[in-house]
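Hello,

Here is the structure I promised to pass on to you. Please open it alongside this note, and I will walk you through what turned up.

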Amino acid sequence: MSGLLHGITGYIAANPHFAYAAVLLLALSESLPVIGAVVPGSGVIIALSALVPGGTLKFWPMLIAALAGAVIGDGFAFWLGHRYHREILTRWPLVRQPDAVARAETFFTRHGDKSVFIARFTPGVRAVIPLFAGILGMRARRFYFANILSALVWAPAHILPGVAVGASFGMFGAAAEPLAILALLLVVLVWLLLQAVRFLSRRAYPLLHGGLVRLRLWAAGRDTAVARGVSALLDPDRPEARILLLLGVLLAGAAWLFLAILEDVVSGDPLVRADAAIYHALQGLRTATGDRVMISFTELGDTVVVIAVTAAVFVYLAARRRWRSAAYWLAAVAGASALNTVIKLALHRARPGELLFTGASAFSFPSGHSTANLAMYGFLGFLAAREVRPALRPAIGISVITLVLLIAGSRLYLGAHWFSDVVAGLAFGTLWLAMLMMFYIRKPAPPLGAWGLLATALVALGLAGGANNLLHHVSDTTRYAVQLQQGQSMPRATWLQSGWRLLPTWRIDLGGETEEPLTLQWAGNLDVLAQDLGDQGWQPAPALSPASALGYFAPGVAAADLPVLPRFSGGQLPAIVLVRATVPDGRMVLRLWASGLDVDAVTPVWIGSVVEEHARHMAKLMTVIDTSPDADAPRDAVVKSLPSGQWRTRPEMAAGWDGRVWLGQAPP
């Protein structure tokens with residue numbers, strides 16, 4: 001691909017007049033009936049314009065060629081319509097495109113003379129409107145005025161973005177060419193995918209429609225439970241049947257997710273390890289501003305606010321004598337909260353930190369904030385959406401989802417719950433909500449007054465949430481303060497003898513998956529370690545940044561010069577990352593994380609891994625890093641460079657690892 005691109009670029013540089021001619025023909029083809037809908041003229045013109053900043057092509061000839069092609073193409077289509085009138089619509093290929101012809105005629109009838117200008121920028125009718133301008137007798141003077149005016153806008157709108165793209169790629173240096181090739185491949189793949197989707201939709205829709213008609217006729221001729229269910233589902237006069245089906249799918253999916261998380265929590269599967277990793281990672285990212293914002297959101301979901309909103313909406317419904325809706329409303333909120341409490345008391349799962357909660361609130365699984373607020377605001381949105389215009393329903397749904405996710409996310413950010421608690425709470429709330437909605441829609445309900453319902457809930461939320469924030473924000477700031485990890489201390493001799501076993505054996509990533517073994521433990525200052533290893537060729541890893549990441553696309557960059565991708569261990573990023581080049585085109589990477597253990601109460605112990613990575617160049621377009629499964633040779637290479645230490649052996653050996661761990665310490 002690189003050679004092909006070089007060949008094309010070189011040919012265009014030697015024969016630029018062919019490129020200008022191609023731009024003219026492509027711009028012209030976009031105005032021709034049917035052809036303009038198939039030929040990707042705009043994309044190719046933009047791609048060729050990207051060669052202008054490098055000097056391969058000139059800006060003004062490109063712009064003039066695009067402008068001339070656009071004017072000539074529309075003018076030729078106009079002449080065809082003016083010369084042959086409607087007779088041309090009966091000839092191939094227009095006779096094979098009745099839908100496109102009908103859309104174009106409707107478009108021209110609606111917009112009149114302005115359609116010539118507008119259609120230049122409107123897919124679907126772009127290539128047919130100039131033809132209809134001639135067929136319907138538009139005056140040539142008015143047509144060419146709109147034609148030239150639209151071309152004066154259209155040509156720069158295609159050339160200038162391509163020039164900007166070409167100039168931006170020039171900023172990438174040696175990575176520009178591979179990135180350009182990858183971008184070109186992506187554009188081609190997207191275009192092919194769109195064409196395939198269009199082809200399949202044209203072929204699949206008639207088949208699907210015919211199949212549904214036959215299925216409906218089959219069900220109408222039978223008197224069975226299955227046939228009646230199919231008839232109700234396909235009956236256009238009974239949309240509630242389809243809603244029930246969707247709610248059933250939602251209920252089943254939410255139940256599966258909740259039970260899967262529950263099984264992982266009870267059995268201690270990798271999800272539990274992911275909980276700890278995500279918790280520690282988020283605690284390390286917290287800021288004072290973020291804390292204030294998230295505490296405010298979590299206070300909007302507190303029990304006192306939920307009770308206030310529930311009571312206000314219940315009073316509103318009772319005042320309108322909508323007793324059935326009021327009963328379902330109480331069932332949605334109170335039922336979800338009560339069942340959530342029962343599950344908490346049954347599991348007794350501890351929260352991530354000491355947050356001064358008492359009673360059932362002291363337990364963690366599932367998140368009560370997530371469950372109760374999803375059930376409450378979800379059912380509120382459901383009641384309101386049934387009575388508003390269809391165009392407004394997405395806005396209500398997005399508002400509800402956003403508020404619920406902010407409240408649930410605040411619990412995770414503040415360390416009040418594990419990740420699995422929050423997701424399980426959302427899943428359980430969805431399950432409960434879907435079940436209630438399925439029963440509710442089985443009977444028609446009188447109007448509730450959607451806007452009054454929403455206004456009542458919002459006023460109650462604002463008043464109760466604001467009061468809760470004023471009364472408890474200071475105490476909540478203390479309650480949800482960052483939980484600092486308490487370090488464990490032991491004598492140096494104890495660490496060397498048995499304490500080292502207390503530290504993790506494997507690196508655990510954010511997903512809770514077990515990764516490479518942690519084969520090094522170091523007691524002492526990391527600067528001393530870096531200095532000792534620096535004498536043996538170990539250097540700090542290049543920092544990861546947008547500029548350094550371009551090295552993965554630049555040919556010829558050595559593996560040791562590529563930035564090292566971040567890796568978490570127990571939710572923490574490494575405190576130090578060192579690399580050493582190997583031959584051929586490889587590197588060893590040493591990472592050390594804080595262990596939370598001190599020896600003699602003053603010296604921190606760091607725990608780390610050493611891996612060997614090899615750079616694999618894929619068609620000179622990008623570099624992929626492969627990690628060797630061998631953990632012994634990289635570890636031994638580090639040990640040879642350090643002054644003193646002791647070997648220990650764990651029973652948990654694996655392929656590529658002999659189970660040995662090296663305990664090193666800085667010299668006194």
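Let me begin with the salt bridges: a search of the whole structure turns up 15 of them. Please keep in mind as you read that this is a predicted model.

R507, E516, R567, R587, R591 and E613 are joined in a network of salt bridges. One of the pairs within it is E613 with R567, whose closest N and O atoms are 4.0 Å apart. E613 sits in strand 8 (residues 603-618), while R567 is in the loop between helix 23 (546-549) and strand 6 (576-582), so this pair ties together parts that lie 46 residues apart in sequence. Both E613 and R567 are buried.

Two other bridges are worth a look. The side chains of D291 and R286 meet at 2.9 Å, N to O, and D291 and R286 are both buried. D658 pairs with R660, with the closest N and O atoms 3.5 Å apart.

Now for the chain as a whole. The protein chain holds 24 helices and 11 strands. Of its 668 residues, 43% are buried. If you count the contacts with a separation of 6 or more, 70% of them are between residues 24 or more positions apart. The chain exposes about 33,700 Å², and carbon and sulfur atoms supply 68% of that area.

I261 counts as buried because its relative accessibility is 7%. Which residues does I261 touch, leaving aside those up to four places away in sequence? They are L271, F365, S420, V423 and A424. With A424, the separation in sequence is 163 residues, yet the C-alpha atoms are 6.4 Å apart in space.

- The nonpolar patch: F121, Y144, F145, I148, L149, L152 and V153 together make a surface patch of about 650 Å². One of its members, V153, lies in helix 9 (residues 140-170). V153 counts as partly exposed, because its relative accessibility is 40%.
- The positive patch: this one is formed by R103, R198, R202 and R203. Helix 10 (residues 176-220) gives the largest share of the patch, 3 residues. R103 is placed in helix 6 (residues 98-111). With a relative accessibility of 47%, R103 counts as partly exposed.

Happy viewing, and do write back with any questions.

Best wishes

Definitions and conventions:
Residues are numbered from 1 along each chain as its sequence is written. This is a predicted model: local features need pLDDT of at least 70, side-chain atom pairs count only at pLDDT 80 or more; totals for chains, interfaces and linings use all residues. Side-chain values use heavy atoms; hydrogens and water are left out. Patches are made of residues with over 30% relative accessible area and no salt bridge: like charges are joined within 9 Å, nonpolar side chains (Val, Leu, Ile, Met, Phe, Trp, Tyr) within 5 Å. Accessible areas come from the Shrake-Rupley method with a 1.4 Å probe; for residues, only the protein chains shown count as cover. Lys and Arg count as positive and Asp and Glu as negative; His and the chain ends are not counted. The place of a charge is taken as NZ of Lys, CZ of Arg, CG of Asp or CD of Glu. Helices (H or I, at least four residues) and strands (E, at least two) are DSSP runs, numbered from the N terminus. Buried means under 20% relative accessible area, exposed over 50%, partly exposed in between (1.4 Å probe, protein chains only). Contact means heavy atoms within 4.5 Å.
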